[in-house]
Amino acid sequence: MYKVTSLPGDDSRPGWFHTSAQRQPRPALAGHKRARWTVIGAGLTGLAVARQLALNFSDQEIVLVEAQEVGFGSSGRNAGFAIDVPHDIGAKDYIGDVTTAMKILKLNTLGQDYLREIVAAHGIDCQMSESGKYQAAVGEKGIAILDAYRSGLEKIGRASTLIESKDLPAHIGTAYYKKALHIPGTLLLQPAALVKGLADNLPANVSLYENTAITALEQGDKITLVHAHGSIVTDKLILANNGFASHFGFLKSRLLPTFLYASLSRQLNEDEQARLGGQGVWGVIPAHPFGSTVRRTVDNRILIRNSFNFYPDGRPRRHMLQRHLPTHRKSFERRFPMLGNVDFEYTWSGAICLSENHEGFFGQLAPHVYGALCCNGLGITRGTATGKLLADWLAGQRNEHIDFLLASPGPNKTPPQPFLSIGVNSVLKWGQLRAGLEV
């Protein structure tokens with residue numbers, strides 16, 4: 001019996017969760033249960049796996065367990081960009097090998113299309129907007145990155161529009177940035193509302209159990225999962241819990257749970273909206289990867305997201321919220337001096353699962369154990385796509401996307417502790433310093 005070494009423990013004020021419609025959580029699992037399929041993690045990947053398994057095996061029950069409440073974890077804490085185009089920060093043009101980039105573009109588009117289909121079919125109110133994204137720069141280094149990125153996008157046949165400083169206020173209300181690329185194709189949405197809606201519209205043969213943390217597992221001809229009030233004996237186990245997979249004994253020393261911090265303002269009143277100007281909905285991603293992500297939402301709030309920490313146990317440190325809040329405030333005031341009296345209503349942390357070589361995992365982890373893990377910051381599109389495709393592969397299907405994912409070498413092995421934490425946090429701190437005014 002392997003004891004799970006860390007469980008989720010997210011902080012209590014995720015703005016997307018609290019500003020989305022309330023729902024009735026499904027009861028926790030009590031007693032002992034047998035199952036053909038069990039999926040751990042009801043985030044975007046796990047919901048996609050469970051949905052597609054249920055469609056592929058319509059006569060079988062799919063058990064889906066979530067350690068917290070749906071929408072409260074990482075899938076409901078991101079910035080809400082469902083991105084189609086590649087963004088390889090290790091390549092000079094952010095695109096890299098064109099053949100690989102085209103495959104990634106197709107994979108991300110598959111994830112987008114799947115989400116569009118489900119949202120439309122079930123009328124999920126998640127503020128989904130076909131707004132595209134702005135990649136924006138403050139200084140000369142950032143502008144050079146934009147120029148390189150634009151040339152890379154051209155290589156894969158994706159159009160972008162270069163917007164000069166004088167024209168940017170008509171788009172995003174602020175004159176802070178010197179240049180931006182508008183890149184169509186990205187969906188903007190309210191991530192917690194999306195996840196809640198997906199969970200409440202699962203096929204009838206999916207049994208969802210929330211607030212059911214798995215604390216131990218035993219491998220054999222069948223997999224035994226232990227929780228606080230009983231156990232699950234399952235034929236097949238699918239891990240869709242990102243960085244926590246390593247605490248279940250899989251991909252150990254290969255996953256890097258990295259925390260970003262976000263603040264969401266109160267709703268702007270009509271006078272403040274008029275002072276801000278610009279379009280009603282937009283999203284800005286910084287040219288420098290360590291800068292600030294900024295959004296104006298459908299319900300007229302401003303999101304600021306920046307600052308990084310690495311914690312190998314996958315659990316945030318709550319005192320860091322107060323440490324990073326002044327950075328959020330400064331980032332807000334730099335961009336929106338016309339909104340001086342607008343306070344933040346929520347501040348929270350959210351984890352992304354990274355790997356040293358920017359590769360995820362897809363496929364079999366052990367006998368009867370499978371996973372779609374480590375989205376490297378593209379959880380909405382990549383997680384959705386890989387979840388669906390894993391379920392299709394388990395049903396015996398093959399296609400170009402599945403073959404591409406199975407061919408991945410997977411995440412690299414990382415150095416041992418304490419060198420790993422020291423090294424990663426040093427890189428994150430140096431990156432934020434280099435980002436300068438883009439934070």
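A salt bridge is a side-chain nitrogen of Lys or Arg within 4 Å of a carboxyl oxygen of Asp or Glu. Arg329 forms one with Glu333, and the closest N and O atoms are 3.2 Å apart. The model is predicted, so local features need pLDDT of at least 70 and side-chain atom pairs count only at pLDDT 80 or more, while totals for chains, interfaces and linings use all residues. Residues are numbered from 1 along each chain as its sequence is written, and side-chain values use heavy atoms, leaving out hydrogens and water.

Stay with that first bridge. Arg329 and Glu333 both sit in helix H8, residues 319-335. They are four residues apart, about one turn of the helix. Helices (H or I, at least four residues) and strands (E, at least two) are DSSP runs, numbered from the N terminus. Are the two partners buried or exposed? Buried means under 20% relative accessible area, exposed means over 50%, and partly exposed lies in between (1.4 Å probe, protein chains only). Arg329 is buried, with a relative accessible area of 18%. Glu333 is partly exposed, at 43%.

Now look at other salt bridges. A search of the whole structure finds 20 of them. One of these joins the side chains of Arg266 and Glu272, at 2.7 Å from N to O. Arg266 is partly exposed, with a relative accessible area of 23%. Glu272 counts as buried, at 4%. Another joins Arg398 and Asp403, at 2.7 Å from N to O. Here Arg398 is exposed, with a relative accessible area of 54%, and Asp403 is partly exposed, at 36%. Salt bridges can also share partners: they join Arg23, Asp200 and Glu210 into one network.

Next come the aromatic rings. A pair of aromatic rings is described by the distance of the centres and the angle of the planes. Rings of Phe, Tyr and Trp (its six-membered ring) pair if their centres lie within 6.5 Å. Planes under 30 degrees apart count as stacked, over 60 as edge-to-face, and the rest as tilted. By this rule there are 12 aromatic pairs. Phe17 and Phe72 form an edge-to-face pair, with 5.4 Å centre to centre and 90 degrees between the planes. Which parts does this pair tie together? Phe17 lies in helix H1 (residues 15-19), and Phe72 lies in the loop between strand S3 (62-65) and strand S4 (81-82), so the pair links parts that are 55 residues apart in sequence. Both Phe17 and Phe72 are buried.

Tyr94 and Tyr149 make a tilted pair, 5.7 Å centre to centre with 55 degrees between the planes. Tyr94 is in the loop between S4 and helix H3 (98-122), and Tyr149 is in helix H4 (residues 140-155), so this pair too ties together parts that are 55 residues apart in sequence. Both tyrosines, Tyr94 and Tyr149, are buried. Elsewhere, Trp282, Phe332, Phe336 and Phe344 form one aromatic cluster.

Rings can also have a charge over them. The rule asks for NZ of Lys or CZ of Arg within 6 Å of the ring centre and within 35 degrees of the ring normal. Arg317 lies over the face of Tyr311, at 4.3 Å from the ring centre. Lys388 lies over the face of Tyr114, at 5.6 Å from the ring centre.

Finally, turn to the record. UniProt, in an unreviewed entry, places the feature "domain: FAD dependent oxidoreductase" at residues 37-393. UniProt positions are given in the numbering used here, feature names are shortened, and annotations may be inferred rather than shown by experiment. The end C-alpha atoms of residues 37-393 lie 14 Å apart. This span is 30% helix and 28% strand.
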